Amino acid sequence: MGAFNILHAQIPCPACGKQTDVRIQFKFGDTWQLEYKIGDRIGWGGNATGKPGLPNVKVSGSLETTVCDTCSASFERDEFDVLVQHDVIIGVREMEDPAAYFTSESDYVEIE
């Protein structure tokens, strides 16, 4: 994957439904193993991927954590969309359309 950043987030376990802490790798902004949480502003400069200031972006993310920390069930999916508005991480969701990233030839897609 090369250089990437980490998003610390919580997602529901598909087995028990409880929120579990996860680390999601993504490439957007200054990709230098920077660590973020939802609500943080993306840093730019250095090893930048993407464009600063885009109004609405989804970024391809991959789980580092693959099991629930409550029930130890394995997650069925490990691909997520990291949602960014005007350089602020606003959320994360299971990836809706992996093909969107193939057609864009990058790790992010501008959305409406």
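Leaving aside neighbours within four places in sequence, Asp30 is in contact with Asn5, Gly43, Trp44, Gly45, Gly46, Asn47 and Ala48, where contact means heavy atoms within 4.5 Å. The model is predicted, so that local features need pLDDT of at least 70 and side-chain atom pairs count only at pLDDT 80 or more, whereas totals for chains, interfaces and linings use all residues. Residues are numbered from 1 along each chain as its sequence is written, and side-chain values use heavy atoms, with hydrogens and water left out.

Asp30 is found in strand E3; strands (E, at least two residues) and helices (H or I, at least four) are DSSP runs numbered from the N terminus. Asp30 is buried yet has no salt bridge, and Lys27, the nearest side chain of opposite charge, is 12 Å away. Buried here means under 20% relative accessible area, exposed over 50%, and partly exposed in between, with a 1.4 Å probe and protein chains only. Lys and Arg count as positive and Asp and Glu as negative, while His and the chain ends are not counted. A salt bridge is a side-chain nitrogen of Lys or Arg within 4 Å of a carboxyl oxygen of Asp or Glu. A polar atom of the Asp30 side chain does, however, lie 3.1 Å from the backbone nitrogen of Asn47.

The structure holds three aromatic pairs. Rings of Phe, Tyr and Trp (its six-membered ring) pair if their centres lie within 6.5 Å; planes under 30 degrees apart count as stacked, over 60 as edge-to-face and the rest as tilted. The ring centres of Phe28 and Trp44 are 5.2 Å apart and the planes stand at 80°, so this pair is edge-to-face. The pair links distant parts of the chain, 16 residues apart: Phe28 is in the loop between strand E2 (19-26) and strand E3 (29-30), and Trp44 is in the loop between strand E4 (35-37) and strand E5 (48-49). Phe28 is buried, with a relative accessible area of 1%, whereas Trp44 counts as partly exposed at 25%. Ring pairs join Phe28 and Trp44 with Tyr108 in a cluster.

The charged side chains form another set of links. The count comes to six salt bridges. In one of them, the side chains of Arg23 and Glu35 meet at 3.8 Å, N to O. This pair links distant parts of the chain, with Arg23 in strand E2 and Glu35 in strand E4, twelve residues apart. Arg23 is partly exposed at 27% relative accessibility, and Glu35 is partly exposed with a relative accessible area of 46%. Arg23 and Glu35 are linked with Glu64 in a network of salt bridges.

Arg77 forms a salt bridge with Glu94, the closest N and O atoms being 3.4 Å apart. Arg77 lies in the loop between E6 and E7 and Glu94 in strand E8, so the pair ties together parts that are 17 residues apart in sequence. Both partners are partly exposed: Arg77 has 31% relative accessibility, and Glu94 has a relative accessible area of 42%. A salt bridge also joins the side chains of Arg93 and Glu96 (3.3 Å, N to O). Arg93 is partly exposed at 26%, whereas Glu96 counts as exposed at 56%.

The cysteines can be considered next. A disulfide is a covalent bond between the sulfur atoms of two cysteines. Here, a disulfide is counted for a pair of cysteine sulfur atoms within 2.5 Å, and the count comes to zero. Cys16 is in no disulfide, the nearest cysteine sulfur being that of Cys13, 3.8 Å away. The sulfur of Cys71 also has its closest cysteine sulfur in Cys13, at 3.7 Å, which is too far for a bond. Cys16 is partly exposed, with a relative accessible area of 32%, and Cys71 is partly exposed with 35%.

Most residues other than glycine have a negative phi. Ser72, although not a glycine, has a positive phi of about 70°. Ser72 is placed in the loop between strand E6 (57-63) and strand E7 (79-85) and counts as exposed at 55% relative accessibility. Asp87 is likewise not a glycine and has a positive phi of about 70°. Asp87 is in the loop between E7 and strand E8 (88-94), and is buried, with a relative accessible area of 10%.

Conventions: A polar contact is a pair of N or O atoms within 3.5 Å; within protein, one must be able to donate a hydrogen and the other to accept it, and residues adjacent in sequence count only if both atoms are side-chain atoms.
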